[in-house]
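Subject: Structure handover

Hello,

Here is the structure you will be taking over. Please open it first; my notes on what was found follow below.

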Amino acid sequence: MGKKLRVGILFGGRSGEHEVSLLSAASVLGAIDREKFDVTPIGITKEGRWLAAADAHGLLSGDMSAVARRLRAGDPDATPGAKLLHEGIPTLLAPMPGPQGPEGSAIDVVFPVLHGTFGEDGTIQGLFELAGIAYVGSGVLGSAAGMDKDVMKRLFVQARLPIVKHVTLLRADWEKSPRKAVTIIERAIPYPVFVKPANLGSSVGITKAHNRKELGPALDLAAKYDRKLIVEQGVGGRKSRGGQAARAREFEVAVLGNDDPKASVVGEIIPGKEFYDYEAKYLSEGSVPIIPAKLSRSETRKIREMAVAAFKACDLAGLARVDFLMEPDGKRRIFVNEVNTMPGFTRISMYPKLWEATGVSYKELITRLIELALERQDEKNKTTYSREE
């Protein structure tokens, strides 16, 4: 039997999606094929401290008392055998000569099960690039583009993908002249609108504003999370006699691959709340996934083709979930909403469930993602970075 690949499972992080990352990582650690891979957990606390070995497991389980005591005492060996990774990043990521113990061996590939800021926005990917190590998921450019909803939408437009009307404004402009910002928004798009921080995921900081009274607080909330704010026109149907408009249908497609990506079956989310926000995704039990979605063959084919096109437009790699909105009546127009380059990855998250419905098990999916990371690294290794004499 050949030597096992050493895989580092990186989780936690400083973003508002820290807890989601812990849930995803726990599932990956429980399902990864241990016959093929040696696994090293690597945690990042909310404060930005890097932990490995038992301390990483403590972060995962929520028991950080022993770690905290050692950190307060200034113990340089707070992470047994690997030290705090502020100093130990080279120890775990860079190739090392000679025989090493299990805590000091170089890692072959990193699976960054990180969501949101500092995890899927290109920053951690830059570190991996500098270290020359293979990693799961999109590169610096794709990760950054997939995180920034403003840049993402510009790329969708360039690729001639349909998107909803929206306005982008800076937090500084909102704080400097709120009346002017509201006027710009109201002239461009009608209510209701969705207000979002441009750089975040898991629906953190997102509000549906039905009128001007709700718009201000929505912008204030989004401004807590990013310097750039997105205001999107709501997609809905005609109002009923009761005055309520039919809600947009929400679809998701999982994409897998590098230069030749494939799309999963289409799934639909029926939110338990007015829209699929953080609570509906992770805390309440009212949201219902329908896999496969009830669509015509032509609609299914169109959505899957658009998912692959969106993946390519943002120069993504490895994995992404692509989300769509459909008008609930009338023309049933379909819009690309966004891509998520590191979607929730628990066993019951939509990305793995969509692939399970397509014929790829959770365990197989993890293995395939690691293989894609190595494939992409091999491709990068063909590139010459210095001028040949």
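A touch, or contact, here means heavy atoms within 4.5 Å. The model is a predicted one.

On that basis, phenylalanine 111 touches Val7, Gly8, Ile9, Leu10, Val28, Val136, Met342, Phe345, Ile366 and Leu369, leaving aside residues up to four places away in sequence. Phe111 also belongs to the largest nonpolar core, which has 35 residues. Together with Ile9, Phe345, Ile366 and Leu369, Phe111 touches the most other members of that core. Among the elements that give two or more residues to the core are strand 1 (5-12), helix 1 (18-31), strand 4 (109-113) and helix 13 (350-358). Helix 14 supplies the largest share, 7 residues. The core lies between domain 1 (5-135) and domain 3 (246-380), because both give residues to it. A second, separate core has 26 residues, including Leu161, Met306, Ala310 and Ile334.

For the chain overall, there are 14 helices and 16 strands. Of its 389 residues, 52% count as buried. Among contacts with a separation of 6 or more, 67% are between residues 24 or more positions apart.

The axes of helix 6 (residues 140-147) and helix 7 (residues 149-158) come within 5 Å and cross at roughly 100 degrees, so helix 6 is roughly perpendicular to helix 7. Helix 6 makes the contact through Ala145, Gly146 and Met147, and helix 7 through Lys149, Val151, Met152 and Leu155. By class, that contact has 5 nonpolar, 1 polar and 1 charged residues.

Next, some backbone details. Most residues other than glycine have a negative phi, and most peptide bonds are trans. Which residues depart from this?

- The peptide bond from tyrosine 191 to proline 192 is cis, with omega near 0 degrees; proline 192 sits in the loop between helix 9 (178-188) and strand 7 (193-197).
- The bond from isoleucine 291 to proline 292 is also cis, with omega near -5 degrees, and proline 292 is in the loop between strand 14 (288-290) and helix 12 (297-313).
- Phenylalanine 118, in the loop between strand 4 and helix 5 (123-131), has a positive phi near 70 degrees. Its relative accessible area is 38%, so phenylalanine 118 is partly exposed.
- Arginine 160, in the loop between helix 7 and strand 6 (166-170), has a positive phi of about 60 degrees. Arginine 160 counts as exposed, at 80% relative accessibility.

Regards

Note on methods
Residues are numbered from 1 along each chain as its sequence is written. This is a predicted model: local features need pLDDT of at least 70, side-chain atom pairs count only at pLDDT 80 or more; totals for chains, interfaces and linings use all residues. Side-chain values use heavy atoms; hydrogens and water are left out. Axes are lines fitted to C-alpha atoms, for helices over the stretch in contact, and angles run from 0 to 180 degrees between N-to-C directions. Helices (H or I, at least four residues) and strands (E, at least two) are DSSP runs, numbered from the N terminus. Angles under 35 degrees count as roughly parallel, over 145 as roughly antiparallel, 65 to 115 as roughly perpendicular and the rest as oblique. Ala, Val, Leu, Ile, Met, Phe, Trp, Tyr, Cys and Pro count as nonpolar, Asp, Glu, Lys and Arg as charged, and the others, Gly among them, as polar. A nonpolar core is a set of buried Ala, Val, Leu, Ile, Met, Phe, Trp, Tyr and Cys residues joined through side-chain atoms within 4.5 Å. Buried means under 20% relative accessible area, exposed over 50%, partly exposed in between (1.4 Å probe, protein chains only). Domain bounds come from an automatic or database domain assignment.
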